[in-house]
Amino acid sequence: MPTVETVKGPVEVDQLGPTLMHEHVFVLSTEYRENYGAGTWWDEEARVADAVAKLTSLRAKGITTIVDPTVWGLGRYIPRIQRIAEQVDVNIIVATGLYAFEELPHQYEHRGPGLVLDIPEPMVTDFTRDIVDGIAGTGVKAAFLKCVVEAAGLTHGVDRIARAVARTSVETGVPITVHTSSPAQSGRLALDLFAKEGVELTKVVVGHAGDSNDLDYLMALADTGATLGMDRFGLDLYNPTPERVRTIAALAERGYADRMVLSHDASCFMDYFGELYDAVHAAAAPNWHYEHISDDVLPALREAGVTEAQLDQMLVDNPRRYFS
Ligand SMILES: [Zn+2]
């Protein structure tokens, strides 16, 4: 039986169970938090306790695994995630890669083939170390790769990151989740690039595909073998839940339940609104939390004609295949 790396070590893929394929524990700018968080909106102990409570509550709904694509650019800090993982009965699978919409971080700008410091692509080196040796001496290994292809398309920086992610995937065999813009249909660009780099597209989740209700676009992506990330439930600003449900039901009816995964892209805390996070969250996106799928979406999908077997495919079988 294949295993997948989690924060607490390898787990057999058939033990993952119902899995939310794109949830963050925290979304933070480390530099912002270090300079402006203390004494205002960031209390380390309170936030860790809050995350433990939220994941424990999620576990009580029957979800046994979350897949957390928090990489550099979103505030990845594994020791904090380890503290939380120790206190919950939920598998947490973590990622490597880079979250950048247009530009490379300067730390990679001048290092690489043909650059000032002419060395092999340092992103491949760094991502591979996270996968093979573990992240920053924690012993926790990344089990998938994350990058972004947004509305700006394949800028110089995005192109270089995506190719580094693709090469790392080809060399290590770990799968990819790519953040895309559904309005810009950038999933097409991402899959095109990955295919050219030799990535097996069955190993790719097109993140945020569920922001789209354009069945032609979604079927075109899925017909490559890639999996659609129907992964922003509760973010009604981008696509309201009833629309997301209708689109999934339509795709399931057309035979695509084997190429969709479900999630919220939620987090226990994100620093975009500083100390007003809880208030803004409650006002702007009250359903954007870990339990919306269990509480509201699964009943709505059943109501819309999606079968138990299809729900199992999206929650259990497809995540297991992705990590196999
Ligand atoms: Zn996300």
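Accessible areas come from the Shrake-Rupley method with a 1.4 Å probe. In this predicted model, the accessible surface of the protein chain amounts to about 13,300 Å², and carbon and sulfur atoms contribute 51% of that area. Of the 324 residues in the chain, 56% are buried.

The protein chain contains twelve helices and twelve strands. Its C-alpha atoms occupy a box of roughly 60 × 50 × 40 Å along the principal axes. Among contacts with a separation of 6 or more, 76% join residues 24 or more positions apart. The side chains include 27 positive and 47 negative ones, and the centres of these two sets lie 2 Å apart.

Ten aromatic pairs were found in a search of the whole structure. In one of them, the ring centres of Phe26 and Trp42 are 5.5 Å apart and the planes stand at 80°, so the pair is edge-to-face. Because Phe26 belongs to strand β4 (residues 26-27) and Trp42 to the loop between α1 (30-37) and α2 (44-60), the pair ties together parts that are 16 residues apart in sequence. Both Phe26 and Trp42 are buried. A further edge-to-face pair is formed by Phe144 and Phe323, with ring centres 6.1 Å apart and planes at 80°. Phe144 lies in strand β7 (residues 144-149) and Phe323 in the segment after α12 (308-322), so this pair ties together parts that are 179 residues apart in sequence. Phe144 and Phe323 are likewise buried. Ring pairs also link Phe26, Tyr32, Tyr36, Trp41, Trp42, Phe269 and Tyr277 into a cluster.

Key
Residues numbered from 1 in each chain as written. Predicted model: local features only at pLDDT ≥ 70, side-chain atom pairs only at ≥ 80, totals over all residues. Heavy atoms only, no water. Helix = DSSP H or I, 4+ residues; strand = E, 2+ residues; numbered from the N terminus. Buried < 20%, exposed > 50% of the residue type's maximum accessible area, 1.4 Å probe, protein only. Contact = heavy atoms within 4.5 Å. Lys, Arg positive; Asp, Glu negative; His and termini not counted. Charge placed at Lys NZ, Arg CZ, Asp CG, Glu CD. Phe/Tyr/Trp six-rings, centres within 6.5 Å; stacked < 30°, edge-to-face > 60°.
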